[in-house]
Amino acid sequence: MATTSTARTHWNGSLTEGSGSTELVTSGVATFDVAWGKRAEAGAGTTNPEELIAAALATCYSMALSHGLTGNGTPPESIDTEVGIDFVPGTGITAATITVSAKVPGLSEEAFSHFAEDTKNNCPVSKALAGVEKTLEASLEA
């Protein structure tokens, strides 16, 4: 059975001088201010679509990696995932960099690398971003 998650954005004004807010409707946990300028320059207090995509990919990646490792009989103690999404004005989203470290008792570095790479290619959000080149840096904590 499919579930639907919903977000809503209200925008005022032109692209370059306008601004808006994006609300996480399904969960109701947050509303974020958004502005075009924040796509081209980092800024505190205002987010952009790329940061929200990075959050979605980091969350999905961590969940899928945990699931794969647990199914292997080697459940993780912890997983830390950071995702960077590159945006070029006029071109769009050009790349995603996934950096993951995990503590997984009883798992070799080679096996962890296999699970990390498989997750990069197969978590649902990564599949949705199939047109975006993704690089992976994976490390297993002692």
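**Charges.** I started with the charged side chains and found 7 positive and 17 negative ones in the chain, the centres of the two sets lying 6 Å apart. For this count Lys and Arg are positive, Asp and Glu are negative, and His and the chain ends are left out. I took the place of a charge as NZ of Lys, CZ of Arg, CG of Asp or CD of Glu.

**What I am working with.** This is a predicted model, where local features need pLDDT of at least 70 and side-chain atom pairs count only at pLDDT 80 or more, while totals for chains, interfaces and linings use all residues. Residues are numbered from 1 along each chain as its sequence is written, and side-chain values use heavy atoms, with hydrogens and water left out.

**Whole chain.** I looked up the extent next: the C-alpha atoms fill a box of roughly 55 × 35 × 25 Å along the principal axes. The chain exposes about 8,400 Å², and carbon and sulfur atoms supply 52% of that area (Shrake-Rupley method, 1.4 Å probe; for residues, only the protein chains shown count as cover). Of the 142 residues, 30% count as buried; buried means under 20% relative accessible area, exposed over 50%, and partly exposed in between, with a 1.4 Å probe and protein chains only. I also noted that 46% of the contacts with a separation of 6 or more join residues 24 or more positions apart, a contact being heavy atoms within 4.5 Å.

**Elements.** I counted 4 helices and 6 strands, in the order β-β-β-α-α-β-β-α-α-β from the N terminus on. Helices (H or I, at least four residues) and strands (E, at least two) are DSSP runs, numbered from the N terminus.

**Sheet with β1, β2 and β3.** In what order do the strands of this open sheet lie? I read β1-β2-β3, with antiparallel pairing. The edge strands are β1 and β3 (31-34), each of which pairs on one side only. Neighbouring strands here are turned by 20 degrees against each other on average, direction ignored. Strands count as paired if DSSP finds at least two bridges between them. β1 (residues 7-12) and β2 (residues 19-24) share 6 bridges, with A7 opposite L24 in β2. Their hairpin has 6 residues between the strands, and G13 takes a positive phi near 90 degrees there. β2 and β3 share 4 bridges, and E23 stands opposite T31 in β3.

**N12.** I then checked a residue of β1, N12. Its relative accessibility is 46%, so N12 counts as partly exposed. Apart from neighbours within four places in sequence, N12 is in contact with G18 and S19. A35 is 23 residues from N12 along the chain, and their C-alpha atoms are separated by 9.9 Å.

**Sheet with β4, β5 and β6.** My other open sheet has 3 strands in the order β4-β5-β6, with mixed pairing. β4 (78-88) and β6 (133-141) are the edge strands, each pairing on one side only. The twist averages 10 degrees from one strand to the next; axes are lines fitted to C-alpha atoms, for helices over the stretch in contact, and angles run from 0 to 180 degrees between N-to-C directions.

Which way do β4 and β5 run? They are antiparallel, joined by 11 bridges, whereas β5 (residues 92-103) and β6 run parallel with 9 bridges. In β6, S139 is the bridge partner of S101. The hairpin of β4 and β5 has 3 residues between the strands, with G90 at a positive phi near 90 degrees.

I followed the side chains along β4 too. In a regular strand they alternate between the two faces of the sheet.

Helix α2 (residues 49-71) lies across β4, β5 and β6, at about 145 degrees to β4. Helix α3 (residues 109-122) lies across β5 and β6, at about 150 degrees to β6.

**A96.** A96 is the bridge partner of I85. Not counting residues up to four places away in sequence, A96 touches L57, G84, I85, V132, E133, K134 and T135. G84 is 12 residues from A96 in sequence and 5.5 Å away in space, C-alpha to C-alpha.
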